[in-house]
Amino acid sequence: MREDAHQKVKPTHLKRTAYLYIRQSTIRQVFENVESTKRQYALRQHAVALGWRQEQITVIDSDLGQSGASAVDREGFQRLVTEVSLGRAGIVLGLEVSRLARNSMDWHRLLEICALSDTLILDEDGVYDPAHFNDRLLLGLKGTMSEAELHVLRARLQGGILNKARRGELFVRPPIGFAHDALGRLVLDPDQQIQQTIRKLFDTFQRAGSAMATVREFRNTGVLFPRRIHSGAAKGDVIWGKLQHGHVLRVLHNPRYAGVFVYGRSRTRKGIDGECKVQHLPREEWHTFLPESHPAYISWEEYERNLKRLRESAQAIGSDRRKSPPREGPALLQGLILCGKCGRRMTLRYHARQAGLCPAYVCQRKGIENAEAICQHIPGVQIDRVVSDMLLELVNPVTLDVALTVQQELQRHLDESDRLRKQQVERARYEAELAQRRYMLVDPGNRLVADTLEADWNHKLRAFTEAQREYEDRCEQDRQVFNEEQRASILALAQDFPRLWRDPAIEDRDRKRMIRLLIEDVTMIRGEQITLHLRFRGGADKTVTLPNPLRSWESWMTDSEVVGKIDELLNTQTFGEIAATLNKNGFRSGKGQRFTSRYIARIQKQYSLRPRFDRLRKSGMLTVKEMANVLSVNPVTVRTWAAHGLLKAHPYTDKPECLYEPPGSDMPRKAQGTKLLSRRPTAPLLSECPKEVQCEA
Ligand SMILES: [Zn+2]
């Protein structure tokens with residue numbers, strides 16, 4: 001320690017606490033690098049030598065096992081900064097600057113605070129006063145060097161790793177189903193059970209179409225899935241357990257099952273909060289991508305197909321539910337509908353009705369998120385019918401014929417690419433011939449050269465055969481122009497399509513799959529009427545408008561024509577008679593039922609039709625009491641006379657209760673001894689009460 005150390009330490013410093021900061025980057029270093037830890041604790045003696053008392057020295061060692069690259073997780077370092085900024089620290093002790101901070105920003109901040117609060121810094125080389133320019137310059141330099149040291153270390157390690165990865169030689173722990181052979185090459189696991197289980201997983205996914213369904217099938221059939229233990233006493237052992245969703249996803253996402261060596265599929269970035277974020281890169285940005293570097297369970301095409309399928313399924317559970325896969329319910333447009341008002345995906349709701357499940361398309365996401373009323377609700381039965389009719393119209397022989405012709409025309413224009421492929425074959429042939437000539441020219445006695453040239457010739461020949469085969473395959477694919485027979489069968493299928501579409505044995509899910517072959521999505525807006533914008537797969541679009549469907553109570557309402565008829569009949573008939581008349585003429589209620597007297601009464605009340613009683617009274621009819629007064633007889637006599645046709649009575653209920661026409665000049669009188677029957681007037685009355693007369697109670 002230099003002489004001037006004691007000059008820098010002032011009594012003001014000695015009054016305050018000395019903080020000894022101790023850190024090792026990793027737990028492993030804590031155990032193995034004991035010497036360094038001891039040296040760090042030994043710094044305490046320096047502080048004592050400078051004049052601090054033992055009890056004045058506080059040791060901060062809560063950051064043992066923490067990296068110095070950032071201050072965020074280092075609780076101890078943060079405490080140190082706090083103590084310094086509060087002016088409680090007289091000196092900060094650390095073995096090297098790198099112990100304090102390997103990050104320039106943290107380091108310079110500490111220096112700044114030390115300078116402001118007049119705190120000294122001590123390392124193995126001496127005492128520094130950050131308020132002095134020279135000391136500060138030196139400390140700053142040390143901090144920068146320390147950060148650079150970290151960078152160089154990392155760059156060297158990383159560079160080595162990347163170089164190895166580029167050659168495909170980096171050891172990356174193989175996933176289950178693979179093993180290294182005696183020569184260190186990656187091969188399929190020699191354990192047949194493991195191999196077959198992996199194959200079964202791929203087969204099941206292909207058949208069932210989702211990771212969830214794969215797990216279900218494994219569970220139902222009781223098939224277990226292998227896992228390899230990578231650490232601990234049982235390292236290398238395989239244990240068998242139930243297949244989990246995560247296993248399936250990991251296997252499907254891992255390109256190694258397709259025989260591809262990959263490295264650098266993700267990138268780690270430190271966020272503003274100091275937390276590391278892993279970012280998955282698209283396929284083009286992967287650091288290393290070496291196809292066919294080892295044996296595979298599936299082809300690369302199948303791998304990509306699987307991922308595409310997974311993505312499609314994932315869209316169903318994302319916040320937007322974009323393009324959910326077809327499900328069991330009858331709603332044809334499930335997963336294809338967008339709200340025309342707010343642009344979100346619409347969801348589906350089913351109502352159980354007598355005729356079966358009735359779909360309704362609902363935009364409720366925003367409503368749920370903001371606790372508002374839902375955006376729009378559109379009954380689906382009518383919409384499904386329209387879309388279904390449209391589909392039948394589209395898939396007809398005429399439209400298909402046009403489509404087939406266009407497709408054939410396009411395929412005939414493939415000559416250009418054919419020419420290019422042919423050139424590749426020609427080149428391979430030329431190289432093979434060249435290799436052959438070289439081999440022929442060499443002296444057969446010169447075995448070493450001859451062997452090499454022969455191997456080269458063989459290799460070139462193989463490449464040529466390969467190129468030729470590929471060329472032929474591609475030609476075959478390109479030339480797949482439909483012949484007349486195929487064309488006829490496709491057109492016949494189109495003719496058959498309506499029957500197939502309506503066949504009740506066809507599952508809803510299959511019907512929806514067919515819809516998806518044609519329709520990309522449907523945007524719906526409900527206003528004065530319902531507007532559907534359909535986007536088709538080929539890029540065409542179509543707009544359809546439909547009237548708003550009747551509300552259920554509207555669809556149950558009695559026809560206005562029938563109500564008019566009832567109004568008319570009320571002039572001459574009672575409720576019971578009206579019901580009978582309507583039923584006889586084939587009229588039915590809004591719900592399709594026969595009329596009853598009670599039903600007519602209800603309609604009369606609901607539509608405020610004028611009651612029959614009022615109508616009769618208005619035309620001057622008298623009640624039984626009034627009639628009795630006019631005739632000066634008992635009400636019973638009035639009824640008896642009416643029953644025998646001496647008075648004109650008009651029933652206004654089904655009981656019947658009647659009103660009576662005023663008798664006029666020729667009114668009946670009491671005539672004792674004369675039989676009522678013989679007194680009946682000669683002209684018949686318009687309306688008569690039935691014979692059975694009830695007396696009023
Ligand atoms: Zn909406």
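In which loop does Pro656 lie? The legends below, which describe a predicted model, begin with this residue.

**View A. The cis peptide bond between Lys655 and Pro656.** Pro656 is located in the loop between strand E21 (649-651) and strand E22 (658-660). The peptide bond that joins Lys655 and Pro656 is cis, and its omega is about 0°.

**View B. The packing of helices H7 and H8.** Two packed helices are described by the angle between their axes and the distance between the axes. For helix H7 (residues 104-116) and helix H8 (residues 133-167), the angle is about 160° and the axes are 9 Å apart. Because an angle over 145 degrees counts as roughly antiparallel, H7 and H8 are described as roughly antiparallel to each other. Their crossing is right-handed. H7 contributes Ser104, Trp107, His108, Leu111, Glu112 and Ala115 to the contact, while H8 contributes Arg136, Leu139, Gly140, Gly143, Thr144 and Glu147. By class, the residues of this contact of H7 with H8 comprise 4 nonpolar, 5 polar and 3 charged.

View C. Although Asp118 is not a glycine, its phi is positive, at about 55°. The relative accessible area of Asp118 is 30%, and the residue is therefore classed as partly exposed.

**View D. The buried face of helix H21.** Helix H21 (residues 560-569) has Val562, Val563, Ile566 and Leu569 as buried residues. Seen down the axis of H21, these buried residues fall within an arc of 125° and so line one face of the helix. On the other side of H21, Ser560 and Glu568 are exposed. The packing partners of the buried residues of H21 are helix H22 (575-584) and helix H23 (597-606).

**View E. Ser632 in the loop between helices H25 and H26.** The loop that holds Ser632 runs between helix H25 (624-631) and helix H26 (635-643). Ser632 is a residue other than glycine, yet its phi has a positive value near 55°. Its relative accessibility is 61%, so Ser632 counts as exposed.

Key. Residues numbered from 1 in each chain as written. Predicted model: local features only at pLDDT ≥ 70, side-chain atom pairs only at ≥ 80, totals over all residues. Heavy atoms only, no water. Axes fitted to C-alpha atoms, helices over the stretch in contact; angles between N-to-C directions. Helix = DSSP H or I, 4+ residues; strand = E, 2+ residues; numbered from the N terminus. Parallel < 35°, antiparallel > 145°, perpendicular 65-115°, else oblique. Left-handed = near helix turned anticlockwise from the far one by under 90°. Contact = heavy atoms within 4.5 Å. Nonpolar A, V, L, I, M, F, W, Y, C, P; charged D, E, K, R; others polar. Buried < 20%, exposed > 50% of the residue type's maximum accessible area, 1.4 Å probe, protein only. Arc of directions from axis to C-beta.
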